[in-house]
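Subject: Structure handover

Hello,

Here is the structure we talked about handing over. Please open it alongside this email.

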Amino acid sequence: LCMTPQERRVDLLTVTEDTALPADGKAVVETPPQSFFTASVAVDGDTPARLFQESASARPIVFVSARVHPGETPGQFAFLGMLRFLLSDDPRAELLRRQFVFKLVPMLNPDGVARGHTRANAGGLDLNRCYGDANIFDHEGVFWTLEWLKLWSEQGRLLFYLDMHAHAHTRGCVLYGNRLQGLTQVWNVAFAEVCQLNGPHFDIEGCEFPPMSDKEHGHESNENSG
């Protein structure tokens, strides 16, 4: 995805079904935002554009990220459990890979993790309070993540967004989300209800749409957060 100011990688993983192309099959290239042609740091030195079957490129995108706050290790623990499941031979995982493209950022703030910070990056900034005005120089992984999210949204492919955190004073597992309009908000709340039905540690009463003020960390609101 990008390199941090202290030269650490922020990775963007893709998980989906990748069946072999037929002899006459049509392949398409997932083209990154234009700015990525000079900013990408793929392992082979090339752009992170990837070949998909035409049917795969039409699958809705599910985006999940974690560790924007370095000290919130339970969020990454949950992320790694999700990744392990998605890569497994479980029939439910196989169905998910067939129906969706999962775009995953395991660690948004590796500099903060390496330096032992609780919430900040190497520059002392809270990367979860810059989503409304992120810039390339101060907000590294969040800036480039937003570039991808905006592109997928413009293409009509972005279905689901989740950023994993952890709270010291919150019981069980909860969801914080936006208060949207109409059926989109029904979908938000219905997803939380489904989580409650399928997760013994999920606490529907702790979910907030939208979340209340974040006075635990000295903020009056969660504005500009992921």
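This is a predicted model: local features need pLDDT of at least 70, side-chain atom pairs count only at pLDDT 80 or more; totals for chains, interfaces and linings use all residues.

Residues are numbered from 1 along each chain as its sequence is written, and side-chain values use heavy atoms, with hydrogens and water left out.

Overall picture

The protein has seven helices and eight strands. Both are DSSP runs, numbered from the N terminus: helices are H or I with at least four residues, strands are E with at least two. Of its 226 residues, 38% are buried. Buried means under 20% relative accessible area, with a 1.4 Å probe and protein chains only. The accessible surface is about 12800 Å², and carbon and sulfur atoms hold 55% of that. Areas come from the Shrake-Rupley method with a 1.4 Å probe. Take the contacts between residues at least 6 apart in sequence: 69% of them join residues at least 24 apart. A contact means heavy atoms within 4.5 Å.

Strand E7

E7 covers residues 101-105. Five of its five residues are buried, so the rest of the structure largely encloses this strand. Val101, Lys103 and Val105 point one way, while Phe102 and Leu104 point the other. In a regular strand, side chains alternate between the two faces of the sheet.

E7 pairs with strand E3 (residues 13-15), antiparallel, through three bridges. Pairing requires at least two DSSP bridges between two strands. Leu13 sits opposite Leu104 of E7. E7 also pairs with strand E6 (residues 61-66), this time parallel, over five bridges. There, Val62 has Phe102 as its bridge partner.

Strand E6

Is E6 buried or exposed? Six of its six residues are buried, so E6 too is largely enclosed by the rest of the structure. Ile61, Phe63 and Ser65 lie on one side, and Val62, Val64 and Ala66 on the other. Both faces are covered. Six bridges link E6 to strand E8 (residues 158-164), and the two run parallel. Ala66 stands opposite Met164 of E8.

Best wishes

Methods
Buried means under 20% relative accessible area, exposed over 50%, partly exposed in between (1.4 Å probe, protein chains only).
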